[in-house]
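Hello,

The structure you asked about is below. My notes on it follow.

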Amino acid sequence: QVQLVESGGGLVQPGGSLRLSCAAAGRTSSIIPMAWFRQAPGKERDSVAAINWSGGSPTYADSVKGRFTMSRDNSKSTTYLQMDSLQPEDTAIYYCAAYTSTSKSGGYDSWGQGTQVTVSL
């Protein structure tokens with residue numbers, strides 16, 4: 001099993017920046033991709049960005065391209081989401097997720113507890 005712990009959320013003004021971190025523990029060798037999702041009040045959970053754990057460039061949702069940057073540090077089993085030019089519509093709970101080689105659902109099978117990001121004056 002893989003355990004994920006997010007940190008770095010908070011309140012920021014429009015145009016500001018935040019960096020989220022997601023530390024993985026446990027069977028990290030089983031991680032294939034990791035991803036960030038977000039869920040705004042009254043809306044479904046949407047994918048924001050994803051990255052393969054073994055290499056390659058991240059992919060992004062159109063709504064965050066050019067503003068968000070996902071990266072990873074395999075030595076620390078940690079992934080990051082740098083969020084710049086934040087807007088009120090970015091307000092949501094942000095979740096880190098991992099898809100592991102032991103996934104029974106065929107989807108992301110490890111999730112963090114979520115961290116709140118609020119963009120407001």
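Overall size

At 121 residues, the chain has a radius of gyration of 14 Å (taken over C-alpha atoms), which agrees with the value near 14 Å for a compact globule, the rule being 2.2 Å times the number of residues to the power 0.38. The C-alpha trace spans about 45 × 30 × 25 Å along its principal axes.

This is a predicted model, in which local features need pLDDT of at least 70 and side-chain atom pairs count only at pLDDT 80 or more, while totals for chains, interfaces and linings use all residues. Residues are numbered from 1 along each chain as its sequence is written, and side-chain values use heavy atoms, leaving out hydrogens and water.

Strands and contacts

The chain has eleven strands and zero helices (DSSP runs, E of at least two residues for strands, H or I of at least four for helices, numbered from the N terminus). Of the contacts (heavy atoms within 4.5 Å) between residues at least 6 apart in sequence, 54% join residues at least 24 apart.

Core

Buried residues (under 20% relative accessible area, 1.4 Å probe, protein chains only) account for 40% of the chain. The largest nonpolar core holds 26 residues; such a core is a set of buried Ala, Val, Leu, Ile, Met, Phe, Trp, Tyr and Cys residues joined through side-chain atoms within 4.5 Å. Met34, Trp36, Leu81, Met83 and Tyr94 have the most contacts inside this core. Among the elements giving two or more residues to the core are β4 (31-39), β8 (78-83) and β9 (92-100).

Regards

Conventions. Buried < 20%, exposed > 50% of the residue type's maximum accessible area, 1.4 Å probe, protein only.
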